[in-house]
Structures are given as structure tokens and as C-alpha cells.
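My notes are set down below by topic.

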Amino acid sequence: MSAAFELLSPRLHLRRLRPDDAAAICAYRSLPDVARYQSWESFTPDDAARLIADQERTAPDTPGTWLQLALTTLADGETVGDCGIHFLAGDERQVELGITLSPEYQGRGLAAEAVASVLRYVFDSLGKHRVRAVTDAENHAAASLFRRLGFRQEAHFVENVWYKGAWGSEVVFALLQRDWRAAAHPASPATPVRSDLPAD
């Protein structure tokens, strides 16, 4: 049984993946426009089932693990995307973020709302020092998202990774806790958090 975990924002409920999310996750992750900047070439129902199963015993803030959260709408409970928090091995004061949103729900500010909720969690609840995000240099929408949320661009690696049969370039963004605070995000329980860790 997985540990309960949830974050709330004005329009979204961020929670652990569940088996009944598989169809929705597969539907948007298998789209060419979504897969274009992701590590996968295709995304099948078996891939969705494995992703969900792998999360079953992942406790939040465990170094070396990704905590993958479903993004569901408060209005109707639709699963519209997922967001990952990578708790870095060897540096417990830093995390990495990733987000995937169904194209049907893009352009509404939902990605920014989801990432802002995660930032409040990692900075306010966990006291992390730094959050980073790595994007494909051609993924201008993702770059714009992180800039809007106050991330600075720290690096642009040119043709540094062999990716889907060609050399790809990556951009690294990062945000420090103190910069998040300075941008009028004081520590507060503005985003309700529930995290019930298993006893064992």
C-alpha cells in the first residue's frame, strides 16, 4: 500500500498515481507532440502500469527516487498530467522537477499552478535549498514556464546528449529558496499538504 500524499491548488489536486490513472496517462503521453521532448519514443498501457506500480512504495523525500504525482482537476477529477519530483542522491537539499501536461489542457496556466504548488511543498515543507529543471533547448514552452516562475537559466549545453537518433541540446534552470521567498512567496501553509508516510 502506498503512502498517501496530496497537494492542493486553486484548480488542481496533485496526488499519487493510481491504477485508474493508467488510461489517461497513456492517452497524453503517447501523443507525438508530448513524447517529442521526453525520454520515451512511445508510451503504452504496459508503460503506464509499470510507472504506477513503481510508485507504490516510494516515500516522499527519499534520496535517489522520483515521486510522480497525478495532476487532476478539482472541478471534475480528470487526470490531465503528471509532475515528478526527483529527490537527488548525494545532495538532500536539492531536487529536480519535471512536468507533463495533456495538450488539451495546455495554455490555461495549469502547469504553472502545479509547479508552484510543488515549489511551496519542497521549499516550505521540506526546506530544500535549490530546485532545478532540465529541458530540451527546443522546448520553448517549458523554458517559458520556468522563467515565469522565477527560475534562472544557469546553463545551455549544446549538442551534449545523443537523443532519439540525433545530438540534442539541453537548458538547465534553477531556483533558490531565498529567491522564491524574495518573490513574494513567504513560508506559509497556503497550499494544504497531506503526507501520511507508512510506519515501516
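The entries below record what I looked up in this predicted model.

**Entry 1: the helix pair α1 and α3**

I began with helix α1, residues 22-29, and helix α3, residues 45-54. I asked at what angle α1 and α3 pack. The angle is about 120°, and the two axes are 9 Å apart. Angles of 65 to 115 degrees count as roughly perpendicular and those over 145 as roughly antiparallel, and α1 and α3 are therefore oblique to each other. I noted the crossing of α1 and α3 as right-handed.

I then listed the residues that meet. From α1 these are Ala 22, Ile 25, Cys 26 and Arg 29; from α3 they are Pro 45, Ala 48, Leu 51 and Ile 52. By class, the residues of this contact comprise seven nonpolar and one charged, with no polar residue.

**Entry 2: the buried side of α1**

Which residues of α1 are buried? I recorded Ala 22, Ile 25, Cys 26, Tyr 28 and Arg 29. These buried residues pack against α3, and also against α2 (32-35), β3, β4 (79-87) and β5 (94-101).

**Entry 3: the loop between α3 and β3**

I next followed the chain into the loop that joins α3 to β3 (65-73), where Thr 58 lies. Is Thr 58 buried or exposed? Its relative accessibility is 10%, so Thr 58 counts as buried, the limit for that class being under 20%. A polar atom of the Thr 58 side chain lies 3.3 Å from the backbone oxygen of Asp 54. Setting aside residues up to four places away in sequence, I found Thr 58 touching Arg 16, Thr 65, Trp 66 and Leu 67.

Asp 61 is placed in the loop between α3 and β3 as well. I noted its phi, near 65°, as a positive value in a residue other than glycine. With a relative accessible area of 31%, Asp 61 is partly exposed.

**Entry 4: Thr 72 in β3**

I moved on to strand β3, in which Thr 72 is found. Thr 72 has 4% relative accessibility and therefore counts as buried. How far apart in space are Thr 72 and Arg 11? I recorded 8.5 Å from C-alpha to C-alpha, for two residues 61 apart in sequence. Residues up to four places away in sequence are not counted in the following list: Thr 72 touches Arg 11, Leu 12, His 13, Arg 15, Gly 77, Glu 78 and Thr 79.

**Entry 5: Tyr 163 and Lys 164**

My last entry concerns Tyr 163, which is found in strand β7 (residues 152-163), and Lys 164, which is found in the loop between β7 and β8 (166-176).

Tyr 163 counts as partly exposed, at 22% relative accessibility. Which residues are in contact with Tyr 163, leaving aside its neighbours within four places in sequence? I noted Ala 35, Arg 36, Tyr 37, Gln 38 and Ser 39, together with Asp 136.

For Lys 164, I recorded a positive phi of about 55°, although this residue is not a glycine. Its relative accessibility is 33%, so Lys 164 counts as partly exposed.

Notes:
Residues numbered from 1 in each chain as written. Predicted model: local features only at pLDDT ≥ 70, side-chain atom pairs only at ≥ 80, totals over all residues. Heavy atoms only, no water. Axes fitted to C-alpha atoms, helices over the stretch in contact; angles between N-to-C directions. Helix = DSSP H or I, 4+ residues; strand = E, 2+ residues; numbered from the N terminus. Parallel < 35°, antiparallel > 145°, perpendicular 65-115°, else oblique. Left-handed = near helix turned anticlockwise from the far one by under 90°. Contact = heavy atoms within 4.5 Å. Nonpolar A, V, L, I, M, F, W, Y, C, P; charged D, E, K, R; others polar. Buried < 20%, exposed > 50% of the residue type's maximum accessible area, 1.4 Å probe, protein only. Polar contact = N/O pair within 3.5 Å; in protein donor to acceptor, adjacent residues only side chain to side chain.
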